[in-house]
Amino acid sequence: MSSNNLFESHIIPVSDKMYRFALSILKETESAHDVVQECLVKIWKNRGKLSEIQSPEAWAMRITRNQCYDWVKTNRFTVLSEYESDTPNNDQTDYELILSDHTRWLEKVLKTLPEKQREVYHLREVEELPYQDIADVLSLSLSEVKVYLHRARTKIRSSIEQIEAYGIAN
């Protein structure tokens, strides 16, 4: 298979995951789009290597992660904090309000996690990457991935239980 075909069949389908991962790090849509475009250009220039790479998806996600942190360093901006409105929409049902509260709580809890735990959690639970691919993306061992994920889930569970029991949001 030619390198152009490998790019189209292995990298293009992953571009949405790359965007979501970039957005989870940068918290800004325009910056995430820019970073993904830079990643795709970088991968396109190195498309000859695609046939040698065992997991092109993990490779693309790793490039995305590295490019995000390079973007933060070079642009020296702080990752945006919450910009949500506290005024509920009158059209929302109780269920939608409860769901939005839970989402906000989860976002707050995720922000308290250490960076590696947050990245492992996002790659596993949101992007649904296999453990080995996560290990490849983050340069971790398989057991480290499992430990980080376990600790993240435990912290999230206990924080959400505390919020639900006592009504305390971090």
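Biologist: Which residue does the side chain of Arg-20 meet in a salt bridge?

Modeller: In this predicted model, a salt bridge requires a side-chain nitrogen of Lys or Arg within 4 Å of a carboxyl oxygen of Asp or Glu. The N to O value for the pair formed by Arg-20 is 2.9 Å. The partner of Arg-20 is Glu-127.

Biologist: Is Glu-127 buried or exposed?

Modeller: A residue is buried when its relative accessible area is under 20%. Arg-20, at 36%, counts as partly exposed. Glu-127 has a relative accessibility of 1%, so the class of Glu-127 is buried.

Biologist: How many salt bridges does the count come to?

Modeller: Side chains of opposite charge can pair when their charged atoms come close. Besides the pair of Arg-20 and Glu-127, there is a bridge between Lys-17 and Glu-57, at 2.8 Å from N to O. Lys-17 lies in helix α2 (residues 15-26) and Glu-57 in helix α4 (residues 56-75), 40 residues apart. With the same rule applied throughout, the count comes to four.

Biologist: With which residue does Glu-119 form a salt bridge?

Modeller: The closest N and O atoms of this pair are 3.0 Å apart. Glu-119 lies in helix α6 and its partner in helix α4, so the bridge ties together parts that are 54 residues apart in sequence. Both members of the pair are buried. The partner of Glu-119 is Arg-65.

Biologist: What relative accessibility does Arg-65 have?

Modeller: Arg-65 is placed in helix α4. Leaving aside neighbours within four places in sequence, Arg-65 is in contact with residues including Phe-21, Ile-25, Val-137 and Leu-138. Arg-65 counts as buried, with a relative accessibility of 12%.

Biologist: How many helices does the protein chain have?

Modeller: From the N terminus on, the elements run α-α-α-α-α-α-α-α. The chain has zero strands. The number of helices is eight.

Biologist: Are the rings of Phe-7 and Trp-44 stacked or edge-to-face?

Modeller: A search of the whole structure finds one aromatic pair. Phe-7 lies in helix α1 (residues 3-11) and Trp-44 in helix α3 (residues 29-45), so the pair ties together parts that are 37 residues apart in sequence. Phe-7 is buried at 7% relative accessibility, whereas Trp-44 is partly exposed at 36%. The ring centres are 5.0 Å apart and the planes stand at 80°, so the arrangement is edge-to-face.

Biologist: Over the ring of which residue does the charged end of Arg-124 sit?

Modeller: The charged end of Arg-124 is 4.5 Å from the centre of the ring in question. The charged end of Lys-146 also sits over a ring, that of Tyr-131, at 6.0 Å from its centre. For Arg-124, the ring is that of Tyr-131.

Biologist: What percentage of the accessible surface belongs to carbon and sulfur atoms?

Modeller: Of the 170 residues of the protein chain, 32% count as buried. The accessible surface of the chain comes to about 10500 Å². The share that belongs to carbon and sulfur atoms is 50%.

Methods:
Residues numbered from 1 in each chain as written. Predicted model: local features only at pLDDT ≥ 70, side-chain atom pairs only at ≥ 80, totals over all residues. Heavy atoms only, no water. Helix = DSSP H or I, 4+ residues; strand = E, 2+ residues; numbered from the N terminus. Buried < 20%, exposed > 50% of the residue type's maximum accessible area, 1.4 Å probe, protein only. Areas by Shrake-Rupley, 256 points an atom, 1.4 Å probe, with all protein chains shown as cover. Phe/Tyr/Trp six-rings, centres within 6.5 Å; stacked < 30°, edge-to-face > 60°. Lys NZ or Arg CZ within 6 Å of the ring centre and 35° of its normal. Contact = heavy atoms within 4.5 Å.
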